[in-house]
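I opened a new notebook page for this protein.

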Amino acid sequence: MTKIKTLILLFIGISTFSYAQNCNCESNFQWVKKTFEENDAGFKYVVDKKGLEAYNTHNATFLNKIKNAKTDIECTQTIYQWLKFFRSGHIAISRNENQGNSQTQNVQQPASPTNWETVKIDSKKFEKYLNSKKQADIEGIWETSPYVIGVKKIDNEYKGFIISAKGLENWKPNDLKFKFSSDKKSGTYYLRNKNSQEIKDVELLGNNYLKIGEFTLKRISPKFESDKDVEQYFKSISTQKPFLEEINNSTLLLRIPSFDGSNKKFIDSVLVANKQKIESKENLIIDLRNNGGGSDGSYSNIIPYLYTNPIRTVRTQMYSTKLNNQRMLDLYENYEKYGISKEDREYLKKAYDKLNSNLGKFVTIQGNDDGEIISEQKLDKVLPFPKNVGIIINENNGSTTEQFLLAAKQSKKVKLFGTTTMGVLDISNMYFIDSPCKEFKLGYSLSKSLRIPDMAIDEKGLQPDYYIDKSIPDYKWIDFVSGILNAK
């Protein structure tokens with residue numbers, strides 16, 4: 001199943017079949033609605049669950065909103081909100097760039113004001129003032145790429161102003177980037193395009209990190225002693241590649257930011273380089289925070305370190321339509337372009353033939369037509385180390401990451417720590433297709449898990465064994481998990 005699903009999870013964009021229309025907002029909406037109703041694997045499941053009357057009401061409400069959309073962006077956002085009737089994940093609308101048609105040309109871009117507020121400050125005096133500080137606070141010079149930002153308390157509020165903004169012509173030195181009240185409970189942050197975003201929380205993390213809503217700034221000046229836990233946290237959260245390190249004599253930390261197929265070689269490389277170390281330590285912490293998924297094959301070589309007993313995986317079914325099956329044919333015909341081996345190419349052709357002979361049906365393409373709804377993974381041995389595995393999860397874990405957690409939590413070694421995951425797995429295997437005028441791509445799903453409705457995960461998520469509540473800051477999570485695993 002792992003290998004098969006890895007192939008299925010490739011995202012392919014193709015043009016749809018001919019669909020004559022004028023490509024205004026309403027006709028685009030009608031195309032999305034028709035395409036989704038006829039091809040999405042979760043459409044009927046949700047309508048049956050919520051009721052046809054609720055769906056009809058939803059359509060009427062959104063058709064009125066569509067007719068009143070003033071710009072392309074508003075239209076696209078409204079269509080996306082229509083899609084959210086079905087689920088919160090594995091749906092997408094993304095605009096194609098530089099199409100040159102009239103619809104795209106009507107997009108209204110945010111204006112860059114000529115009278116933008118500035119913070120007038122003497123840079124030399126400001127630096128001298130900062131260097132005189134004996135204790136870390138919010139004032140300072142901070143970095144969050146591509147910006148270098150100064151923060152100064154002026155009257156009863158903190159103001160962040162641009163020192164430099166590499167590559168951004170609309171941001172000039174001394175331009176106001178954000179401001180918030182001295183109690184740190186309210187304020188405004190200006191995005192790259194100078195649109196405003198409300199600030200609801202500001203937090204100084206350790207001495208050298210400033211968290212403003214969803215943005216995190218690192219201190220450049222003045223220099224203060226670093227906090228080990230905070231530095232570890234930001235190393236983990238900001239990395240693009242997996243890594244492994246020892247956090248104490250008995251515990252290793254394996255950080256995996258993504259299970260994207262392109263990351264598999266890096267994950268496997270870390271595992272190979274640290275094989276002896278992993279197999280000699282009592283505890284292993286796997287930090288998956290913000291890992292949104294990828295391909296099942298990316299985690300296959302982690303399983304032996306978790307394994308204690310056969311792992312049962314409930315199979316999925318592909319919804320067979322002419323449009324959906326075109327994806328499988330495209331993979332088969334252009335296998336070299338997608339990096340698919342000749343061996344796997346033959347599987348794709350068999351899968352395409354099986355799907356095409358069962359149009360309008362849900363088809364299981366895994367296995368050998370044995371009729372089983374599950375596949376079972378059995379390994380030859382159980383490794384004595386690691387003895388305990390703690391996996392850190394949060395609300396940004398979805399899709400393949402949730403599939404990995406379903407497998408991992410069957411092990412007697414494994415406990416999950418953190419908060420409930422995203423809940424986007426039951427309807428999956430996304431497919432992206434161009435709209436008729438190629439203005440945007442619609443993303444919908446091709447498969448449905450045989451787990452549902454008995455063990456639905458969509459809109460629910462997977463819960464941790466150990467809930468990490470808000471009294472424990474994010475940068476203390478690893479330390480918290482280590483404490484539980486090392487408790488005697």
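**Ground rules.** I worked from a predicted model, where local features need pLDDT of at least 70, side-chain atom pairs count only at pLDDT 80 or more, and totals for chains, interfaces and linings use all residues. Residues are numbered from 1 along each chain as its sequence is written, and side-chain values use heavy atoms, with hydrogens and water left out.

**Disulfides.** I took a disulfide as a pair of cysteine sulfur atoms within 2.5 Å. I found two disulfides by this rule.

I looked at Cys23 and Cys437 and noted their sulfur atoms 1.7 Å apart. Their link is right-handed, with 85° about the S-S bond. Cys23 sits in the loop between β1 and α2 and Cys437 in the loop between β21 and β22, so the pair ties together parts 414 residues apart in sequence. I read helices (H or I, at least four residues) and strands (E, at least two) as DSSP runs, numbered from the N terminus.

Is Cys23 buried or exposed? Cys23 is buried, at 5% relative accessibility. Cys437 is partly exposed at 32%. My cut-offs were under 20% relative accessible area for buried, over 50% for exposed and partly exposed in between (1.4 Å probe, protein chains only).

I then checked Cys25 and Cys75, whose sulfur atoms are 2.1 Å apart. The torsion about their S-S bond is about 100°, so this disulfide is right-handed. Cys25 lies in helix α2 and Cys75 in helix α5, so the pair ties together parts 50 residues apart in sequence. Cys25 is buried at 11%, and Cys75 is buried at 3%. Counting bonded cysteines along the chain, I wrote the pattern as 1-4, 2-3.

**Salt bridges.** I counted 24 salt bridges, each a side-chain nitrogen of Lys or Arg within 4 Å of a carboxyl oxygen of Asp or Glu.

Glu37 and Lys33 meet at 2.9 Å, N to O. Both lie in helix α2, four residues apart, about one turn of the helix. Glu37 is partly exposed at 26%, but Lys33 is buried at 18%.

I noted Asp40 and Arg87 at 2.6 Å, N to O. This pair links distant parts of the chain, 47 residues apart. Asp40 is buried at 2%, and Arg87 is buried at 3%.

Glu157 and Lys159 meet at 3.9 Å, N to O.
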